[in-house]
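Here are my notes on the model, as numbered points. Please read them with the structure open.

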Amino acid sequence: MAVTDQEVAVLRAHLAGDFEEYERLWSQLDREAAAKGYTALIAAAFFEAVDRRFSGQLNNADVVEYVGEVRARFDERGTEIDPTAAELMIRAALGDEVNADLDDETVISTQLWVLTALVLDEELDGAALDEFLAEARKTADGWLSNP
Amino acid sequence: MQVTDEHVKALRSYLSGDPEVWIPVHERLLASGRAEGHESLIWAAFALLVRRKFSPTWSVDKVIRYVASVRASLGEQASLIDARVAESLMCRALGDEVNSEVLDKAGDKAKVHAELVMLMALVSDANMDDSALDELLESAQKVANQWQ
């Protein structure tokens, strides 16, 4: 199993802020395959973006500040993004051994929020976004072929 | 239960950085089942300073950023303060019950702990000298006793 072009296109539309296109592509997505492929792509992109932002270095104060900044920008009432989950997942992506018992919905939703913020911060143009997603896809394909 | 001078003295010792006085009194009061006055004083001092710092023009994003900065200053200890509990307490102090279910679920200990850490940060930000601290605690005692 591998990430499909359609799954990459859905995530690209989301990260590019093209929500009309995102809704259209999302409605056509094979949900059964996406449960593995699309979620692996989101996770791989999250790992890649976290690594770029924090240069692979774990500093808890930076992580806490960043999650606060993301929530302040995108979470109007402070109810959508779970700060504990976001901090733990960033720490885990940076190689910290964290003890987290998070449900799939929280994991995916948190990864998507933080990933979106990280990509926006990078101010990637179309070509850079394609390159970023190609890198994430390669990682996700590696995970899917060696589960 | 009334806020007594003992409660005031205990909280003052905490805010003055005197753990030898503070820790045993705080733990004894919490364990005694008679911590109502003690907790009311902590809440009143916390709420007064939150209002001073954030009223009248406050917003949830400012609260989120402030809590994050305080937690970040704790470094590896940041997880000792639940961000949502601290934010919800600050919003409640500002008259907004946003995310109040977080407070319903949180235990008293977590709430008091968050109030104490945030209170210390607020006092530190306000650069309070001894007389300002006395004034704050006097006002907090009055306010807390009015609630009784």
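**Notes on the two chains**

1. Chain A has eight helices and zero strands. Helices (H or I, at least four residues) and strands (E, at least two) are DSSP runs, numbered from the N terminus. Read from the N terminus, the order in chain A is α-α-α-α-α-α-α-α. Its radius of gyration is 15 Å, close to the 15 Å that the globule rule gives for 147 residues, so chain A is as compact as a globular protein of that length. That radius is taken over C-alpha atoms, and the rule is 2.2 Å times the number of residues to the power 0.38.

2. A word on conventions. This is a predicted model, in which local features need pLDDT of at least 70 and side-chain atom pairs count only at pLDDT 80 or more, while totals for chains, interfaces and linings use all residues. Residues are numbered from 1 along each chain as its sequence is written, and chains are lettered from A and ligands numbered from 1 in the order in which they are written.

3. More on chain A. Its C-alpha trace spans about 40 × 35 × 30 Å along the principal axes. Of its 147 residues, 38% are buried. Buried means 20 or more other C-beta atoms within 10 Å of the residue's own; exposed means 12 or fewer; partly exposed is in between; C-beta atoms are placed from the backbone. Take the contacts in chain A between residues at least 6 apart in sequence: 73% of them join residues at least 24 apart. A contact needs C-beta atoms, placed from the backbone, within 7 Å.

4. Chain B next. What does its secondary structure come to? Eight helices and zero strands. From the N terminus the elements run α-α-α-α-α-α-α-α. Along the principal axes, the C-alpha atoms fill a box of roughly 35 × 35 × 30 Å.

5. Packing in chain B. Buried residues are 38% of its 148 residues. Among its contacts with a separation of 6 or more, 70% are between residues 24 or more positions apart.

6. The interface. How many residues of chain B are in contact with chain A? There are 17, and they meet 14 residues of chain A. On the chain B side, α4 (60-73) and α5 (83-93) are the elements that give two or more residues. α4(B) gives the most, with nine residues. By class, this side of chain B has eight nonpolar, three polar and six charged residues. Here Ala, Val, Leu, Ile, Met, Phe, Trp, Tyr, Cys and Pro count as nonpolar, Asp, Glu, Lys and Arg as charged, and the others, Gly among them, as polar.

7. Backbone points to check. Most residues other than glycine have a negative phi, and most peptide bonds are trans. Ser55(B) and Pro56(B) are joined by a cis peptide bond, with omega about -5 degrees. Pro56(B) sits in the loop between α3 (36-54) and α4 of chain B.

8. Positive phi in chain A. Glu123(A) has phi near 50 degrees. Where is Glu123(A) placed? In the loop between α7 (104-122) and α8 (126-145) of chain A. Glu123(A) is exposed, with 7 other C-beta atoms within 10 Å.

9. Positive phi in chain B. Asn127(B) has phi near 50 degrees. Asn127(B) belongs to the loop between α7 (108-125) and α8 (130-147) of chain B. Buried or exposed? Asn127(B) is exposed, with 7 other C-beta atoms within 10 Å.

Definitions and conventions:
Two residues are in contact if their C-beta atoms, placed from the backbone, lie within 7 Å.
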